[in-house]
Amino acid sequence: MSKEEKRQITEIPIGPYHPLQEEPEFFRLKVEGEKVVGLDIEIGYNHRGIEKLAESKHYDQVLFLVERICGICSTSHPFAYVNCVEEICGLDIPLRAKYIRSIVGEMERIHSHMLWLGLAGHFLGYNTVWMWCWKYREPLLELCEKLFGNRQHYAMMKIGGVRRDIDNAGGSAFCREMNLLLPKLDMLQKAIEDDPVLRARLKIAGTLPKKEAVSFCAVGPMARASGIDIDVRRDEPYAAYSMVDWTVPVRTEGDVYAKTMIRLEEMRQSVLIIKQCAEALKKAKGDISVQIKEVPPGEGIGRHEAPRGEVFHYIKSRGGTVPYRHKIRAPSYMNVFTNEYAVVGGTIPDAAITLAAVDPCYCCTERMQAVDGAGRQVYTSKQLIDICREKTFSMKRGKNK
Amino acid sequence: MELIELLEKNLGKKIKSLDRPREKRIYIEISPEDLRFAAEFLFNSMKCRFSTASGMDEEEHFEILYHFSLDSKGIFINLRVKTERKKPEVDTISDIIKGARWIEREMHELLGVNFKGNEELGNLLLSRDYRGPKHPLRKK
Amino acid sequence: MIKNALKKSIWVYHFGAASCNNCDIEILDTLTPKFDAERFGIKLVGSIRHADCMLVTGVINSKNLPRLREIYSQAPKPFYVIAIGTCSVALGIFKHSYNAAGPADRHIPVDVYVPGCPPKPEVMISGIVKLMEKIDATKKKGVREI
Amino acid sequence: MIIFEYFFYPGILFALVVSLAVSWIDRKVSALVQWRVGPPVMQPVYDLIKLMKKETLIPSGASPVVFLLAPAFSFAALGLVSLILFNSNLYASGFIGDILVVVYLLVVPVFSLIMAGASSANPLASLGASREMKTALSYELPFILALGVVIIKTGGALDIGEIISVQRLSGPVIYSLSGIIAFAVVILCFQAKMMQVPFDISEAEQEIMGGAIIEYSGPPLGFFVVSRWMLMALLPLLAVILFMGGIGSFTGVIKYIAVLVIAILIKNTNPRLRINQTLRLFWGPVTLAAAAGVLLALLGL
């Protein structure tokens, strides 16, 4: 038996194709018996190169491209992107669009955290949690499909506003769904707090102290669980986040349990935000987007607090129809890296849940894609329809003027 | 305004130019030799969070922007460093900020900038038998 | 009953190439209470040796291509492949990538295509039904055809 | 005659049918707990036939003989256990010491898993094997102690038939304090023996991808899967025999299904434990409880 030798260090591969991860990623755990003594992270299995591709696409097309960086944060990247372009243009969007943007952003946070909670249960071998969380997530997706047009990838963001309006009935539907969700969140929280076995598994596991979190520049729930009080929505308000009441939960333990609790509390805050926005939306009159002519030369930074942390977009424009440089930094790029500290010293099962607790999103981490400048682009039918609509819309606008 | 004064006091002559196009965005250009000093000042003394770095091909030279976020005020302080095209090279900051290790490897791989002092520059994203353009983010 | 066994018990292995995650999430969604693919005997397994069918999602790039080939070669026959999502069917928006190595069917034989960005769980179930029909057809003719 | 008994009734074939039904109950109850519909009744049959028809792959670097013999051992041993258990349950008779034989035979599947893991030439498989060994070491002691309670309560019977008949005459073991304690201990140990959550550490799908059986495909995998199902069918039967006097009538069947459902519910309402937590649990509280049970039994409680 290879394990008989205590001193012997064995390499346990997690990935690149491993049920722990929905996406390819290669962690090499160096273990001594069950104890992890080292970790190598190898990425690149998900490298598509969206940054380069963005340099050859029209500003409106880039929107669809950044949406496809990641499926779970399919609103976060467009959100940061439109913030960025609007900063370059010096544009202020209509009030109604602000509320709708916030609703979309928070819907995504809820279903993403719900998804994480379920998967965390699955990784602990607790499939019942997985099934229950995903069952509760399903009505939200249906609501998204009804009001935004798709279960995911809903393409609501648009430079200068939003693409689809939410009428009063839609606003009420949100309030109703949120009221139904709250008791379920309470139930889940109680279940996690009361379950001694679950606590035994989550407490102490994968602790990331504040000092290390600062040094690794962690963001999002990871940072907030380690006592770093940051949240882009509060620090640099955009959309409707400064117009509604909510708080940023912070804990200091830095272990997986704290991360779980932070995410549960964030979902509750999102419910609050959505309810307030949906109410305010009924009173806010006006247009849902403004027209932009062209993007002037300059540079801008757009940020959005995605479910996993700060999404960062930097665009340099030299005028014209395409960005000169488009830099994208997803939250997982900083967070996955913290595993090098958090996993070492624990055991293999701890490593499994710690790697998962980052809520890693590798497709975000490895964007980038090159396309010939004049390359023919292939769209999905959904995108084609969206682009068609967009074109009709702009032509109508042009005629009216 | 006190923020600008603080920056000017501490970085002094090292600042080549300071630009504030919007209230929450500050762009500071410095020369590559002063990068480590400025990064250390921003990260350790000002308690800024290192967000990321973007390298870009400005045709005649390469430009690297280090984005630091001052979260308590919601302000972004960006350090701009220019390096010549023939021999693109800057000092590493990965020993000061652990979070900069991957982004330096990525820039080395995709843009071909050498980071002096970073030991682990090598393949991060691309496969060893990748056969496309050598540095895909270069414009020519 | 003996003839239909494979059709009624398809164990799937999930190969997520460079995908945007959405197809992967929707695959898992297909297993959860609302759609419950276990009704048809579908089971997600962790090892390729246990699987009857591989779901390929996302763009195949230069780094995961060798892995795809290796994993496919380890599969016990009879074995089927479903390409899920526009990326693995035809590369979609990522067609001209320097790092993309072509759609899935350029490298391994693909039996069923499920396009969409992302395909809904209902579409995935219909893809599974297509695979079942195909298994039937293969039995009758005794050959495997695309 | 004995060959007929071993292969058909009440041996392997009968056990196979029972275990297919049990595995369906397992999947169906799990599905219901999770708000799902679950698989059709014939699902285990389809799974099994399909596995038997698939290709067998032997990983390069593995030793083929050990690799292929491991699942056969496991299956054969369980066939023997089912013969002994069903036989003694049917006729309430056995041979002296057969309870010890059953205990020994129940260790064989564990050893075959360790053999499988060690011969697979895969780091995850050998990790699974080492975890299996540790878990087995942890739960055997409390299991034997709990068995001691039953033997004491039934007046030193070392014969399953006698255990059953004593209980049918003077009331089941579980109706006493020590019996309840021992029953709880045995349920926990069986959970680990069946490799179910919270003790499925050795095959932890999400951590080490099935552990020892990761490299198996086709019929050998089928034999391992059937062994799992047979364990799942036989261990509740053993619990019913030890503590409730076996399945004598229709109420016996209900008791059997109740024990089975308890095991399934434990599986579905707990996360997986870590290996060190498992060892601590079994060597600490569980062993102490079992020892206390033995003491109480000696005092006649």
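Trainee: Is A:Pro297 buried or exposed?

Mentor: A:Pro297 is exposed, because 11 other C-beta atoms lie within 10 Å. The cut-offs: buried is 20 or more other C-beta atoms within 10 Å of a residue's own, exposed is 12 or fewer, and partly exposed is in between, with C-beta atoms placed from the backbone. One caution: this is a predicted model, so local features need pLDDT of at least 70, side-chain atom pairs count only at pLDDT 80 or more, and totals for chains, interfaces and linings use all residues. Residues are numbered from 1 along each chain as its sequence is written, while chains are lettered from A and ligands numbered from 1 in the order in which they are written.

Trainee: Where is A:Pro297 found?

Mentor: In the loop between helix H11 (256–283) and strand E6 (298–306) of chain A. Helices (H or I, at least four residues) and strands (E, at least two) are DSSP runs, numbered from the N terminus.

Trainee: Which residues does A:Pro297 touch, leaving out those up to four places away in sequence?

Mentor: A:Ser317, A:Arg318 and A:Gly319. Contact means C-beta atoms, placed from the backbone, within 7 Å. A:Ile88 is 209 residues from A:Pro297 in sequence, yet their C-alpha atoms are 7.7 Å apart.

Trainee: How many helices and strands does chain A have?

Mentor: 16 helices and eight strands. Of the 401 residues in chain A, 62% are buried. Among its contacts with a separation of 6 or more, 72% join residues 24 or more positions apart.

Trainee: What pLDDT does chain A average?

Mentor: 77, with 78% of the residues scoring at least 70. pLDDT is the predictor's confidence in each residue, from 0 to 100. Residues 1–6 of chain A fall below 50, and that stretch has ten contacts beyond near neighbours in sequence. Residues 367–401 of chain A also stay under 50; the model gives them 55 contacts beyond four places in sequence.

Trainee: Helices next. How far does H4(A) reach?

Mentor: H4(A) covers residues 95–123, 29 residues in total, and reaches 42 Å from its first C-alpha to its last. That is close to the 42 Å expected at 1.5 Å a residue. The expected span is 1.5 Å times one less than the number of residues.

Trainee: How many residues of H4(A) are buried?

Mentor: 28 of the 29, so H4(A) is largely enclosed by the rest of the structure. Just after H4(A), A:Gly125 takes a positive phi of about 80 degrees.

Trainee: And H8(D), what are its numbers?

Mentor: H8(D) holds 17 residues, 177–193. At 1.5 Å a residue they should span 24 Å, and the end C-alpha atoms are 24 Å apart, which agrees. H8(D) is mostly covered, with 13 of its 17 residues buried. D:Met195 follows H8(D) and has a positive phi, near 55 degrees.

Trainee: Switching to chain B. What is the strand order in its five-stranded sheet?

Mentor: E1-E2-E5-E4-E3, an open sheet with mixed pairing. Two strands pair if DSSP finds at least two bridges between them. Strand E1 (17–22) and strand E3 (49–57) of chain B stand at the edges with a single partner strand each, so one side of each has no neighbour in the sheet.

Trainee: In what sense do E4(B) and E5(B) pair?

Mentor: Antiparallel, over ten bridges, between residues 61–70 and residues 75–84. B:His67 stands opposite B:Asn78, and B:Tyr66 faces B:Leu79. Their hairpin has four residues between the strands, and B:Gly74 there takes a positive phi near 70 degrees.

Trainee: And E2(B) with E5(B), parallel or antiparallel?

Mentor: Parallel, over six bridges, with E2(B) running over residues 25–30. B:Glu29 stands opposite B:Arg80.

Trainee: What about the order in the chain C sheet?

Mentor: E2-E1-E3-E4-E5, five strands in an open sheet with parallel pairing. The edge strands are E2 (43–44) and E5 (112–114) of chain C, each pairing on one side only. Two bridges join E1(C), residues 11–16, to E2(C). There C:Val12 stands opposite C:Leu44.

Trainee: Last one. How many residues of chain C are in contact with chain D?

Mentor: 16 residues of chain C, against 25 residues of chain D.

Key: Contact = placed C-beta atoms within 7 Å.
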